[in-house]
Amino acid sequence: PDDVSCAYSVPRDCYNSKCKGALEYNETFIGCDQATQRCSVNNTGFPQCMNDTSGEGVTCDGSFKCGEDQDTGLAVCKKSKGLLPLWIVMGIIVAVLVVAGIIWGSRRGRVEPETDSLS
């Protein structure tokens, strides 16, 4: 019987961007977008990028952005910061403006008593 090798992919949220070699090429990395390609090594251990399926990556939870390790190309999930801090700051600014408007309006609406001056 013939040896058959299969390449299949598991869907990921973020994919690795480099391939690492093996053996004497263990510290060798090549660029490889694993969202559409996968990593392999040749018979000497040099890394190769194959175009037959997607490769490795990570699955993320919640709100995130994809990032990567600059040296190894390993994918990482970066938590996205929501807009809550922005809404808090906007709320404080609006509250200060409302209070300032009330104070300004109450001072402007006040009638100063007239004083008669005898000359």
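Ile93 is partly exposed, because its relative accessibility is 43%, and the class runs between buried, under 20%, and exposed, over 50%, with a 1.4 Å probe and protein chains only. Ile93 sits in helix α1, residues 84-108. Helices here are DSSP runs of H or I, at least four residues; strands are E, at least two; both are numbered from the N terminus.

This is a predicted model: local features need pLDDT of at least 70, side-chain atom pairs pLDDT 80 or more, while totals for chains, interfaces and linings use all residues. Numbering starts from 1 along each chain as its sequence is written, and side-chain values use heavy atoms, without hydrogens and water.

Back to Ile93. With Leu86, Trp87, Val89, Met90 and Leu97, Ile93 forms a nonpolar surface patch of about 640 Å² accessible area together. Areas are Shrake-Rupley, 1.4 Å probe; for residues, only the protein chains shown count as cover. Patch members have over 30% relative accessible area and no salt bridge; nonpolar side chains are joined within 5 Å, like charges within 9 Å. A salt bridge is a Lys or Arg side-chain nitrogen within 4 Å of an Asp or Glu carboxyl oxygen.

Next, the overall layout. The protein has one helix and eight strands. The order is β-β-β-β-β-β-β-β-α from the N terminus. Buried residues are 15% of the 119. The accessible surface is about 9,600 Å², 57% of it from carbon and sulfur atoms.
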